[in-house]
Amino acid sequence: MPMVLTLLVSLYKLCRFFTMSGAEQLEVPECVSQAGSWAGSSRDHRVSPGVNTEVRAALDRILPTLHGAIIHAKQAASPVELSRAITEVFQLVEEAWGMPTLGRDVAKVLCDVIRLEGGLDLLLNLLYTAELETKCQAGKLLEQILVAENRDRIARIGLGVILNLAKERDVPQLAQSVSGILEHMFKHTEETCFQLISDGGLDAILYWCRWTDPIVLRHCAMALANCAMYGGQANQRLMIEKRTAEWLFPLVFSRDDELIRLHACLAITVLATNKEIEKEVERSGTLALVEPFIASLDPEQFASEMLDSSDNSQGRTADDLQRLVPLLDSSRLEAQCIAAFYLCTEAAIKTRQKKTKVKGRLACRKQMQKGRVATTASWCLLLSNELPKYPGPQLAQHRLWGGGGKAKWCVLPLCPQIFSEIGATQSLKRIVCYSTSSTTSSLAKKVLRMIGEEVPRRILPTVPNWKACEVQTWLQQIGFNSYCQRFLDHQVDGDILLRLTEQELQKDLEMDSSITRKRFFRELTELKTFANYSTCDHSNLADWLGSIDPKFRQYTYNLLTCGINRNFLHRVTEQQLQEDCHINTGFHRVRILTAAREMLHSPITLQTAFNGTDVFISYRRSTGSQLASLLKVHLQLHGFSVFIDVEKLTAGKFEDKLTQSVLSARNFVLVLSPNALDKCMEDPECKDWVHKEIVTALNSGKNIVPVTDHFEWPDPETLPKDMRAVLKFNGIKWSHEYQEATIDKIIRFLQGRSSRDSSAGSENGLDCLSSLGQT
C-alpha cells in the first residue's frame with residue numbers, strides 16, 4: 001500500500017501540468033507536445049567567411065563543444081545526463097554574452113545554432129513535460145537564448161507553453177525564468193503582446209511586482225517597459241486597464257536596485273506619452289518619481305555597473321535605441337529626461353567597449369612616424385579596424401588634437417553613426433537649446449560630447465524679448481550665417497522674427513530659394529514651439545494650446561498679437577484664425593476652436609467640504625519603502641486616496657506641508673519595519689520625521705493603524721513620552737504570502753471604528769507590554 005501511494009504521488013507531481021482544466025490550460029502545438037519532435041540530425045554550421053576575425057576565433061573554439069552538448073542533451077538517458085548537458089550549453093551561452101565587445105555577435109550565432117539543431121524545441125518540450133527541477137533549468141537556458149529569430153519560433157509554436165507556466169505564479173523556482181522569458185517575448189510584436197496580455201502573461205508580471213525577489217522584480221520592470229515600448233497604443237490601453245501604472249509605483253519606489261527603478265521609470269514614461277491614457281498615468285502617482293530619480297544617477301557610473309553585469313554588458317541594439325527617440329521629441333519632460341539618460345548610458349557603454357577592443361586610445365605625434373596613426377594637416381587620429389583608414393569628412397569633424405611643437409595627446413570619440421542613423425543627434429541638440437530641465441539638458445550635452453558632436457549653446461527662451469543681436473546668434477546656430485547681415489540690416493528682433501511671413505522672407509530678406517525658406521520655417525516653427533511667452537501671455541494660452549497638441553504652441557504669438565487670450569478664444573471664428581492669426585492648416589483651426597468651446601461648456605468641479613486624503617502612510621525609508629509602496633497600491637486599487645511622502649522633505653515650509661498632509665488625512669497607517677522606531681528613541685526634540693508624523697497623528701486624534709513587518713515592539717520607556725500612546729493601537733502583521741487577506745484586514749480597520757484598543761489588557765497596550773503581539 002505505501003508503495004502504491006508513493007507511485008501515485010510521483011505521478012501527480014509529474015502530470016500536475018496536465019491536470020489543469022481546459023479553460024485554464026492553453027493549447028500547445030503537437031510539435032512541442034510530442035517527444036522527439038525536436039530531435040534532428042546534427043548539422044555542420046560553418047562560420048561565415050565575412051565574420052570578424054575575433055568573433056570567428058571565439059566561434060571556432062566554442063561551436064564544437066556546443067554541438068557536442070546539444071547531442072548529449074537530445075540523447076540523454078537519465079535526468080542527470082540531461083541536467084549536465086543543459087548546464088554545459090548554458091555556461092557556453094553565458095560566457096558568450098559576457099565577452100566584451102564581441103558578446104552579442106558570438107552569442108547570437110550560438111542561439112541560432114541551438115535553434116537550428118533542435119535545442120529550442122527540446123527546451124519547450126521539457127518546459128511542457130519535465131519535473132520541476134528540469135523545467136527550471138530549461139527555463140533558465142531559454143531565457144538566455146531569446147534573440148529575435150528564437151522569439152519568432154516561440155511565438156509560432158511555444159507561446160502556450162510559456163503562458164501555461166505563467167499560471168503557476170506561486171512557484172518561486174519557476175518565477176525567475178518565466179518572468180525573464182516574458183520580458184523578452186513582450187518585445188516581439190504588437191500581436192504577441194496582445195496575446196500575452198489576453199492570456200495572462202501581463203497578469204503574472206503584475207502579480208510578481210509585489211514580490212521581493214530582485215531577479216523577478218528586474219524581469220518584471222523590463223517586461224513592462226518592453227510591453228509599453230513595443231506593444232503599441234492599443235496594448236498600452238490594456239496595460240492601463242489592468243492597473244499597470246499603479247503596480248509600477250513599488251518598482252520605481254524601491255530602494256534596493258537602481259536598474260529595477262530605471263526600467264520601471266521607462267515603462268511609466270512611455271505610457272505617459274500616449275495622450276489617450278496620460279491622465280490615468282498621472283493619477284497613479286508613479287510619474288512624479290521619474291525626474292528626481294534620474295537626477296540622482298550618474299550615467300557613466302551606471303554604465304560601468306552595467307558593463308560588470310553579464311545581462312547588460314552588451315548595451316542596447318540600434319533598434320532598441322531607435323524607440324527612445326520619440327521620447328526625446330515628446331513634450332513631457334520626464335520622457336526627455338529618461339531618454340537622454342538611456343542614451344548617455346549607452347554612449348558610455350559603447351565608448352568603454354571600444355576602449356577594451358582598441359589597445360591604447362591615445363595617440364601622439366611621435367606615433368605618426370611609425371605609421372600607427374593617420375593624419376590630416378596638424379591633427380592625428382588613431383587607426384583601428386573600427387575607424388576608416390583614411391580620414392574623411394566623418395573623422396574630420398571629430399579632430400580633437402591640435403598640432404604644435406610638442407607632442408600632445410588626443411582621445412578619439414565614439415563614432416556617432418548609430419546616433420545619427422536613429423535620428424537622436426538632432427533631438428539631443430534641440431534639448432540642449434530649448435529644454436527647461438537642467439538635468440535633461442546636462443545629460444544631452446554629455447551624450448553629444450561622448451559621440452564627438454558639437455554642443456550647441458542654450459537659446460534664451462524669452463524669444464519675444466530678443467534683441468537683434470540674439471536673433472543673429474540663433475541664425476548662426478541653425479546654419480543660416482549667410483543671412484545674418486540682411487537680418488541685421490533690417491533690425492529683425494524677437495518680435496519681428498516670430499511674425500515673419502514667407503513673403504517678407506523672400507522679398508525683404510532676399511531668401512530666394514523655396515527649399516531654403518522651408519528649412520528656415522522648420523527651424524522657426526521649432527523655436528515658436530519651445531519659446532517662453534510668459535512676459536506677454538498672462539492667460540497661459542501657450543500651455544493650453546500645448547495641452548491640445550504640443551505643436552500648437554507655435555500659434556501662441558500669432559494669437560496674442562491679435563489681442564486674443566484664452567478667455568476670448570471661444571468667440572473667434574475659423575476665418576479670423578486663418579486670415580488674422582495665420583493658422584493655415586484647417587484641421588488645426590477646427591481642433592483649437594472645438595477645445596475652446598468644450599472648455600467654455602465644461603462643468604465646473606465643485607470642491608468637496610473635505611479636501612484631504614483617506615490615508616497618510618508613514619514609514620522609515622531605510623527599511624519600510626517597499627512595504628509602504630505596496631500598501632499605497634493595494635489601497636488605491638480598493639478606492640482609497642493615499643498620501644505617501646516620496647522624498648523626506650527638508651525643514652521649513654515643506655515641514656508645514658507634510659504636517660498639513662497628516663492633519664488632512666482621515667487615517668494614519670504606520671509602517672513598522674525592522675528598527676523603524678530606533679531613531680525616535682534618541683529624539684527628545686522631535687526632529688525625526690517619523691517621530692513628527694506620529695506625534696501629529698496622535699495629537700489630532702487620527703485613526704492610527706500600525707502595520708508590522710519583522711518588527712519588534714520596543715520597551716515603552718525607551719520612547720519619548722509624546723509618542724508612547726502609539727503602542728495602544730492594534731498592530732496588523734503584514735504577510736507577503738497572503739497580501740490580499742492582510743489588506744482586507746487593514747481596510748476593516750480603516751472603514752470601522754478606531755483601531756485604538758480601549759479595553760484593559762490589550763495585547764500591545766502599555767499595560768500589557770510583556771506580550772506585545774499583533775492581530
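**Entry 1: a pair on one helix**

I started with Asp112 and Lys108, which are about one helical turn from each other because they are four residues apart in helix 5 (residues 103-116). Helices here are DSSP runs of H or I with at least four residues, numbered from the N terminus. I noted that this is a predicted model, where local features need pLDDT of at least 70, side-chain atom pairs count only at pLDDT 80 or more, and totals for chains, interfaces and linings use all residues. Residues are numbered from 1 along each chain as its sequence is written, and side-chain values use heavy atoms, with hydrogens and water left out.

What joins the side chains of Asp112 and Lys108? I found a salt bridge of 3.1 Å, N to O. A salt bridge means a side-chain nitrogen of Lys or Arg within 4 Å of a carboxyl oxygen of Asp or Glu. By this rule I have 28 salt bridges.

Next I looked up cover. Asp112 is buried at 16% relative accessible area, while Lys108 is partly exposed at 32%. Buried means under 20% relative accessible area, exposed over 50%, and partly exposed in between (1.4 Å probe, protein chains only).

**Entry 2: pairs from distant parts**

I then checked Glu282 and Arg332, whose side chains form a salt bridge at 2.8 Å, N to O. This pair links distant parts of the chain, 50 residues apart: Glu282 is in helix 16 (residues 278-283), and Arg332 is in the loop between helix 20 (325-328) and helix 21 (333-357). Glu282 is partly exposed at 33%, but Arg332 is buried at 13%.

Arg591 and Asp549 also meet in a salt bridge, at 3.4 Å, N to O. Arg591 lies in helix 35 (residues 586-601) and Asp549 in the loop between helix 32 (541-548) and helix 33 (556-561), so the pair ties together parts 42 residues apart in sequence. I read 27% for Arg591, which is partly exposed, and 15% for Asp549, which is buried.

**Entry 3: a loop residue and a covered helix**

Is Asp688 buried or exposed? Asp688 is buried, at 12% relative accessible area. I located Asp688 in the loop between helix 38 (678-681) and helix 39 (689-699). Leaving out residues up to four places away in sequence, Asp688 touches Arg620, Lys679, Cys680 and Asp683; contact means heavy atoms within 4.5 Å.

Last, I looked at helix 14 (residues 244-253), where 10 of 10 residues are buried. Trp247 and Phe249 are among them.

Technical notes. Helices (H or I, at least four residues) and strands (E, at least two) are DSSP runs, numbered from the N terminus.
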